[in-house]
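Subject: Structure handover, aromatic contacts

Dear colleague,

Please find the structure below. My notes on its aromatic contacts follow.

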Amino acid sequence: MSKQKNNENNESIRTGLSEESIRLAFLDNLFYVQGRFLEVASLNDKYKALAFTIRDRMLHRWVSTVQTYQQTNPRTVCYLSAEYLPGPFTGNNLLNLGIEAPTRRALESLGLDLDELLEHEEEPGLGNGGLGRLAACFMDSLATLEIPAISYGIRYEFGIFRQVIRNQEQVETTDNWLHYGNPWEVRRPNISYEVKLGGHTEQYTDDHGRLSVRWVPSETFHGIAIDTPILGHGVNNVNLLRLWSAEASEGFDFHAFNQGDYYGAVMREVRSETISKVLYPNDEPEIGKRLRLLQQHFFVTCSLQDMLRIFKTTNMPLDRFHEKFCVQLNDTHPAIAVAELMRLLIDKHGLEWDAAWKATSRTFAYTNHTLLPEALEKWSLPLFQSLLPRHFEIICEINSRFLDEVRMHFPFDDARVQRLSIIDESGPRYIRMANLACVGSYAINGVAKLHSRLLKETVLRDFYDLWPHKFQNKTNGVTPRRFIMLSNPGLSELLTETIGPDWENDLAQLKALEVHADDAAFQKRWQLIKHERKGALADCIRYRWGIDVNPTSLYDVQVKRIHEYKRQHLNMLHVLTLYNRIKCNPSVDMVPRTVIFGGKAAPGYAMAKLMIRLINSVADIINRDPDVGNRLKVVFLPNFSVKLGQRVYPAADLSQQISTAGLEASGTGNMKFSMNGALTIGTLDGANVEIREEVGAENFFLFGQTTEEVARTQAEGYRPWDIYQNNVELKSVIDLIGGGLFSHGDRDLFRPLVDNLLHHDPYLLLADYAAYIATQEAVGEAYRDPARWTRMSILNVARMGKFSSDRTIAEYCKDIWRVSKTPVVL
């Protein structure tokens, strides 16, 4: 550590938290790390100098955390996730260190603007949607609650993709988030593990005379650790985000180069490094499926080998591995870990099968995130066997022993045995990864009360019948540090001024706001904060996309992954209903609305991409129609991200959570909106059910069929065509889409979407349309009464304490992981 002192405070400029120490450290890093002085430094130089200044203060805590964990050897949570969506690090780390104010003053003394430097930061392309964002919230809460934890994943070079809208369509371009480098990561080339692929297995007799199996791969490469510190809020604990980057075992074939084969000289390197290039490659073609399976095996084997390396330092016997580590599988992507840990314990470390299985089955816990059967991953046997021949053998043995247990519990029930089998043999043979996760885990949880109940009744019913003791619910949560304190500083200041600062790490304290809900003066301040955030978003939309929106209009927002079950096209049916009403009666009295969309569609998902095209095509017409004026605007925010979300959540008046009941596992956007005072229009789906229970039915705009009603409607023979014929407004809206107004006269462009609604409508848009329109009218009436709306908004925030990720993590620690806090003292 640097011994250079800030004489005024006698503190190191590497670790000091005063304004003067931060100013000197910034100049130090600008000069010695970036090789620039202030007058010639670029914006990127200044941003990096700031980042390194903050990181220095974190590294002091990081080293202390590692030393503490080494000395105390605590039980440790290892979180395996294919994606993380942390958002920009700089502002969050300033917040958690508690030095945002002195840093701002230090930069101002140098003529610099902190907000400009924060805006320059690229968002890490390590995740896509709710799964990755949840993992990031959990990292924040684990560190804040002082729980020893390592989060493992892949360090993607290009993320998923950068979404651009051209000619109203989504176009996928490269997300080159690392083009300026990443000052928050620390590369660890000495922490590297071999990854095997393909080949065959062979039996041999080991040194102790035991019959063993050796995997002889056709190809090997390495995973290199790249670390990012994750600091808790108001504590000294810094946990580890360890991501793996793929590298060839021999990066450059000098012999091939000398023979003139310049492409062949680097081919092995190119092929190996492809594995960590892109998040979620398109798995429509077989080669895409192969790459996905490779990615999952890659990060799982590196992570488990890393845990075994750490475990070796404890001097505990290997059959007690589960006492040191609890490993959480974040959905089915890392489920191969069950077979991989067995392989490592048996083949590499010499444990007998029974001892290895006892440790393995007590190590893993599995979180399921979906009720869609098609989203439960499975791999064809030929693909799986060709890439992971040893894992196939191990899975066959696990399955054989497991099915013997099933037959004892359910004799003569062959149909149940077939459903529970890890290997699906009902047609083309597949490895069912969710089944493997259930068999190899000691706990299985859903992520909302409704979701967990439906898991037990539908997709995992047979496992629940077999092992009811394994099943739990852990309703998701989000971190209030990023999604209130960082995103909405005005609201954060008002909350602290009104109820004190304890809410920052104990969101249940927000309950104290309830007594202020009818206070006219408090409501006025609440309204001013909301109007300020709406104005800031309006400025952003005007600057970036050239659309003028009215900050006094009702901001009606739906930002999430584009998918038919999330029903962005139901939202569009409402938009077009309003448009039709204006066109039929230009003087119609209506609450002005700005309807805001955002989200990406998977590259191979044609219907979702057509939905994006419809949204943008409708926006193009409505926003230019003089009959409409400022009464209705439609905005699609391209490339929606955490950074953009931090602008949107505080500005929203209405949060659209309108998925078909029974299909959304939880949702977390619904929580972020409510925490910032937006009211929800939604179905009884996912965490909406619990949000409505907490905030009160009178403060939630409910519509639509329940899960049971959806099932009954579909079972009775749903006929969307009849609804279309019998609802004049609905028919007019759908005919407008099919008539060519939004497609330059091309009646075929949106025909797939229209035909799907009229003849199939698998997500029951038409069944819920009338109730949705009526509820939206109730929203408009409530918005006309500012006192009533503001009261509802305040009560939404006051009653959101349950939905902090701190509460979720505390429940995991107590009920599943059985870990306790390990505070770090500097």
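A residue is called buried under 20% relative accessible area, exposed over 50%, and partly exposed in between, with a 1.4 Å probe and protein chains only. The model is predicted: local features need pLDDT of at least 70 and side-chain atom pairs count only at pLDDT 80 or more, while totals for chains, interfaces and linings use all residues. Residues are numbered from 1 along each chain as its sequence is written, and side-chain values use heavy atoms, without hydrogens and water.

Aromatic pairs. Rings of Phe, Tyr and Trp (its six-membered ring) pair if their centres lie within 6.5 Å; planes under 30 degrees apart are stacked, over 60 edge-to-face, and the rest tilted. That rule gives 22 aromatic pairs. F31 and Y32 make an edge-to-face pair, because their ring centres are 5.0 Å apart and their planes stand at 75°. F31 is partly exposed at 48% relative accessibility, and Y32 is exposed at 62%.

Y193 and W244 are also edge-to-face, at 5.6 Å centre to centre and 70° between the planes. Y193 belongs to strand β7 (residues 186-197) and W244 to strand β11 (residues 238-248), so this pair ties together parts 51 residues apart in sequence. Strands here are DSSP runs of E, at least two residues, numbered from the N terminus. Y193 is buried at 10%, and W244 is buried at 0%.

One aromatic cluster consists of Y79, F138, Y812 and W817.

Charges over rings. The criterion is NZ of Lys or CZ of Arg within 6 Å of the ring centre and within 35 degrees of the ring normal. R416 has its charged end over the ring of F410, 4.0 Å from the centre; K600 has its own over the ring of F161, at 5.1 Å.

Regards

Note on methods:
Helix = DSSP H or I, 4+ residues; strand = E, 2+ residues; numbered from the N terminus.
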